[in-house]
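User: Please walk me through this model, setting each label against the rule that lies behind it.

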Amino acid sequence: MTKQTAERRSSRRRLFAPVDLHSVRSREDLVALSRSGYAGIRLAGHLVMPEMGDAELVSLIALLRDARGVGLRVSWSGDCGALKVGGLCHLDPPRRPDGSFAWSAQRGGSLVVRRGPTFLAVEDTRHGGRRRIDVDRSEPAAAVLDESRWGRALTPAESAGLDALELHDLVFRAGDHGVGIAVRQGVWCV
């Protein structure tokens with residue numbers, strides 16, 4: 001590879017792809033952007049989270065989670081209002097009209113989930129220290145952490161089982177919709 005080719009790839013890697021929230025519908029779309037050399041995506045418009053529909057809001061949070069999982073940053077503008085966003089500190093925050101960020105992205109803090117054969121292992125370093133939470137994959141609520149589709153409604157069994165996951169700030173709920181906020185990092189071989 002020539003020096004010029006390497007410089008062209010390096011400069012392209014720093015680019016952010018401009019996208020509309022509704023044009024990116026899955027993790028696979030984000031993987032394609034990452035493989036094409038983009039460093040991140042720039043969401044169009046100013047997203048006022050309290051005014052969004054439940055499915056659209058949950059899709060936004062899933063997009064932030066999955067972008068982080070494939071190595072893309074998300075640059076976006078928005079307002080959170082009174083929404084509980086403390087558990088989202090490992091995801092890219094929106095920039096407010098005054099230029100400040102809506103939540104503090106913590107350096108080094110992460111929330112990841114790995115798939116085991118019968119369990120999901122969640123490692124949380126968002127609030128200092130390291131804690132591990134194992135979730136039995138046979139539990140209906142585990143499907144929310146393991147979910148890859150965006151914006152789907154929760155089943156009654158999943159909804160009933162989310163209380164424990166909410167205590168640990170592992171899910172984001174809006175009405176009848178919910179999404180696990182842990183970044184998925186593949187499979188553990190055991």
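Histidine 90 and its surroundings

Analyst: The side chain of H90 reaches the backbone oxygen of G87 at 3.4 Å, and it also reaches the backbone oxygen of I181, at 2.8 Å. This is a predicted model, in which local features need pLDDT of at least 70 and side-chain atom pairs count only at pLDDT 80 or more, while totals for chains, interfaces and linings use all residues. Residues are numbered from 1 along each chain as its sequence is written, and side-chain values use heavy atoms, with hydrogens and water left out.

User: Why is H90 called buried?

Analyst: Buried means under 20% relative accessible area, exposed means over 50%, and partly exposed lies in between, with a 1.4 Å probe and protein chains only. H90 has 5% relative accessibility, so H90 counts as buried.

User: Which residues is H90 in contact with, leaving aside its neighbours within four places in sequence?

Analyst: H90, which is found in the loop between β3 and β4, is in contact with R68, G109, S110, L111, R126, I181 and V183, where contact means heavy atoms within 4.5 Å. Helices (H or I, at least four residues) and strands (E, at least two) are DSSP runs, numbered from the N terminus.

User: What makes W76 and W103 an aromatic pair, and why is the pair called edge-to-face?

Analyst: A search of the whole structure finds 1 aromatic pair. W76 and W103 form this pair, at 6.2 Å centre to centre and with 65 degrees between the planes. Rings of Phe, Tyr and Trp (its six-membered ring) pair if their centres lie within 6.5 Å, and planes under 30 degrees apart count as stacked, over 60 as edge-to-face and the rest as tilted. The pair links distant parts of the chain, with W76 in strand β3 (residues 73-79) and W103 in the loop between β3 and β4, 27 residues apart.

User: Are W76 and W103 buried or exposed?

Analyst: W76 has 4% relative accessibility and therefore counts as buried; W103, at 7%, counts as buried too.

User: How do you know that R152 is buried, and what does its side chain make a polar contact with?

Analyst: R152 has a relative accessible area of 15%, and is therefore buried. Its place is the loop between α4 (142-146) and α5 (156-161). The side chain of R152 makes a polar contact with the side chain of E158 at 2.8 Å; such a contact is a pair of N or O atoms within 3.5 Å, where within protein one must be able to donate a hydrogen and the other to accept it, and residues adjacent in sequence count only if both atoms are side-chain atoms. Not counting residues up to four places away in sequence, R152 touches A143, E147, E158, H177 and G178.

User: Why do the buried residues of α2 line one face of the helix?

Analyst: In helix α2 (residues 27-35) the buried residues are L30, L33 and S34. Seen down the axis of α2, they fall within an arc of 100 degrees, so they line one face of the helix; the arc is that of the directions from the helix axis to the C-beta atoms. On the other side of α2, E28 and R35 are exposed.

User: How many bridges join β4 to β5?

Analyst: Strand β4 (residues 111-115) and strand β5 (residues 119-124) run antiparallel and are joined by 5 bridges, whereas two strands pair if DSSP finds at least two bridges between them. The bridge partner of V112 in β5 is E123, and a hairpin joins β4 to β5 through 3 residues.
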